[in-house]
Amino acid sequence: MLGVLCGSHNSIWAAEEEPVRQGLPGRRISGASRSPGSTCAQNSKPLVAIVPETNLGTTAAAEPTLWLSLPKVTTARQLEFYLFNAHDEIIYQTDFNIKPTANLVGLDLSQMSNAPKLEINQRYRWAASIICNPDNPSENISVEGWVDRVDVSSTLDTNRLWYDHLGILVEQIQHHPQNQDALSQWQTLMASARLEQIVPFFSNAGSVEITVPTTLDSTN
């Protein structure tokens, strides 16, 4: 569905970790920009990596879509995306432009040129960042999450595959915004991650953006 990028290295690694019980380290909900004068500091909503409270979601897909909830922006913004392997080495990076109308952005690995396919039984960290000021990385706002690629058996409930289930719900609501079952499942999923008060509810296709990389700098 969508693709997006992650922010400056230093700003991601320097971010304070959000406390997560029995979870992986990292910040799934951004803090405010460090610069009071930054354009990003004017946003009332944070940047959010839509992942469970543990920071870790699962997928059966080799090229899953990872999801972000965006703060309101007044002009087009650049996002960066990074993917790390289990040894915390960067294996891919790229960047995108996002429009002010986007509420949700999907980072679709299948749409990213030369992006690696996730291997079964491997864990990856991903990070995304809004570039508020290209000349001052400290103004950027960043988040990160984790993804496990799992081998799905016929007995596994597909609803337990976080990224896959999330993507299906987004598609269903985009195409059938009055589907009460999909709407209820969305609300339940956000509540399970304690994101129901943070991630805005979307009801139209225009609020979900499909993006194309503007530049490409991949590492394999």
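Helix 2 comprises 14 residues, and its first and last C-alpha atoms lie 20 Å apart, close to the 20 Å expected at 1.5 Å a residue; the expected span is 1.5 Å times one less than the number of residues. The model is predicted, so local features need pLDDT of at least 70 and side-chain atom pairs count only at pLDDT 80 or more, while totals for chains, interfaces and linings use all residues. Residues are numbered from 1 along each chain as its sequence is written, and side-chain values use heavy atoms, with hydrogens and water left out. Helices (H or I, at least four residues) and strands (E, at least two) are DSSP runs numbered from the N terminus.

Buried residues of helix 2 include W162, L166 and I173, where buried denotes under 20% relative accessible area, exposed over 50% and partly exposed in between (1.4 Å probe, protein chains only).

Strand 5 (residues 90-98) is largely enclosed by the rest of the structure, because 8 of its 9 residues are buried. Strand 4 (residues 77-84) pairs with strand 5 in the antiparallel sense over 8 bridges; pairing requires at least two DSSP bridges. The two strands form a hairpin with 5 residues between them, and D88 in the turn has a positive phi of about 65 degrees.

Within strand 5, Q93 stands opposite Y82. Q93 counts as buried, at 14% relative accessibility. Q93 and A128 are 35 residues apart in sequence and 9.8 Å apart in space, C-alpha to C-alpha.
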